[in-house]
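Welcome! Here is a short tour of the structure shown below, one region at a time.

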Amino acid sequence: MSIRLVLAALLASFTCLCQSTVPDTPAGHQFSAWLATFNGGDHAALRQFFEKNYPSRVANIAQEFNFRDQTGGFDFKKTEESTATRFVALVKERSSDTFARAEMEVDAAEPHQITRFGLRAIPRPSEFPSPRMSEKELITALKIKLEQDAAADRFAGAVLLAKEGKPIFTGAYGLADREKKISNKLNTRFRIGSMNKMFTAVSILQLVQAGKIQLTDPLGKYLTDYPNKDVASKVTIHHLLTHTGRTGDFFGPQYNAHRTELRALQDYVTLYGKRDLAFEPGSRWAYSNYGFLLLGLVIEKVSGGSYYDYVRDHVYKPAGMTSSDSLPENEVVPDRSIGYTKIGETHEWHPNTDTLPPRPTSAGGGYSTVEDLLRFANALAGHKLLNEHYSELLTTGKVDSQGGGKYAYGFGDRTEDGVRSFGHSGGAPGMNGDLEIYPQSGYVVAVLANMDPPAAGRISDFIGNRLPVK
C-alpha cells in the first residue's frame, strides 16, 4: 500500500473518531451533560438539570418526562457541526429506529447556560442502513421488541404482519381498559385518527371512477353555498386529496372552545368556512384535516346520503370490514379500547375522553381492528374497491411531503433503501395507528395502539426497516 493510501486511511479513521466523540467545548459539555441525565431516566435529576442549565424549559417539564419515557433515551452517533457555543449531533432513539438531529446553543459566558435546544426527527441517514432480516429473524426480534415495550408501558395495542394477504404474525399487548383490567385482543377496536383519510379518498375515487366527480373540479361545483368564494373557486378536488389546497386545519383554540358542538360535518364549515387561503392552492404541501372534512361533504352532496353511510356501504362492506365504523361517541361500541394519554400537565395515564369530538369525521377519528385493516389492504390489492387504474392513481405519490416521502390521494407513498410502501398513519391524544402496504414484497403491516403517538408508529417502523426486500 502506498504512503498516500496509508495517510488517507489514517485521515478517514481520525475523522470517524472525531465524529463519534463529543468535542471538548462549552456546547459539547452541555450536550453531554443533558444526554447523560436524559438517558439516566431519573425525572428529579432531569428537572434539576433544566432548572440549572435551561430554566425556560422547566415550564414544559412534563413533556420532557413523557419524551424520555417514549424514547428510552438516545445514542450519540456523530458530530455534524461544532463551535464553542453551538453543537449539532446525529442521535438515535434507544427504543426505536428513529434518528434525530440535535441542535444546542449556549451562552458564551460562564456558566454557559443553554439558550436553544431542539431535537428534530430525520429520515434514516444512508450511512446507517436498515437492519434487514429474514422473515424468521424478524418475527423473533419483533416478539422481543413488543414484550419489552409493553413491559415499559411504551406500547399497548395490536400488531399484524401479513404476507400475500395472510397473517404470519399477530399479537395483542397491554390493557384496553386500565381501570377494569381488560386486556387488548386481536379483535379490539382502536380509534385510528387520520387513517380515516384512506377511506375518504377511496370513496372520492370511486365517485371519480363512476364519472360523478372530476378531480380538476373546484370545490364550489359541489358545495355551491360554501362561505368563502375564493376557496370555492380556486381549490380543486385534487388539491384537497393531496393537502395542497391550503384550507388549513381545525385543531387549536377555536376547536377546543367548540369541540362539543361539532356534531356533523357541516358544523365545521359553519365554524371555519369563512377563512381565507394561506397561499395559492397547488403551490405547496401543507397537511389539512379541514380539507379532508370538506371531501366528506362532497361525498354527501354527490351520493345524496351521509358520509358515514357511504363509507359503510362502499368501503367497509365490500372489503369485509365488519369491525370498523365512525359511530358517535355516545353510542356503546363493543370491544372498543379506551384511549390513554399523558399529554397535559400530569405524567399519569388518563382517558382521552375530553379531547374527542361528538363524532369522528371524514378527516379522522373512526375505529378499526388490525384484522380489518388487512381486509382493507387485500380489497385494494384485489381491486374490490377500485379498478386497477384508479387503485394506482389512489396510491401513487404526487407531491413531496414531510419526512422525505410523497403524498398521493389519502395515502403516503415512500421509498426507503429501494423498498416502496404506501399507507397512512393516525395519531392524536390516546390513539395511534399505521397501515403500511409493501407492493413489491407482498407484506402488509398493521399496528394500532390506545396510547399517545408514536407508540404504534415505532412498531410499524421497526417491522418495515427489517422486512426482507423480497
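## Helix 12 and what follows

Just after helix 12, G320 takes a positive phi of about 80 degrees. The model is predicted, so local features need pLDDT of at least 70 and side-chain atom pairs count only at pLDDT 80 or more, while totals for chains, interfaces and linings use all residues. Residues are numbered from 1 along each chain as its sequence is written, and side-chain values use heavy atoms, leaving out hydrogens and water.

Helices here are DSSP runs of H or I with at least four residues, and strands are E runs of at least two, numbered from the N terminus. Helix 12 covers residues 307-319. At D313, helix 12 bends by about 25 degrees; the bend is the angle between axes fitted to the seven residues ending there and the seven starting there.

## The buried side of helix 12

Buried means under 20% relative accessible area, exposed over 50%, and partly exposed in between, with a 1.4 Å probe and protein chains only. In helix 12, the buried residues include Y307, Y310, V315 and A319. The buried residues of helix 12 pack against helix 6 (196-209), helix 10 (265-272), helix 11 (289-303) and helix 13 (370-381), where contact means heavy atoms within 4.5 Å.

## A look at P55

P55 sits in the loop between helix 3 (43-53) and helix 4 (61-71). With a relative accessible area of 40%, P55 is partly exposed. Leaving aside residues up to four places away in sequence, P55 touches F50 and Q113. From P55 to V332 there are 277 residues in sequence and 46 Å in space, C-alpha to C-alpha.

Key: Expected span 1.5 Å × (residues − 1).
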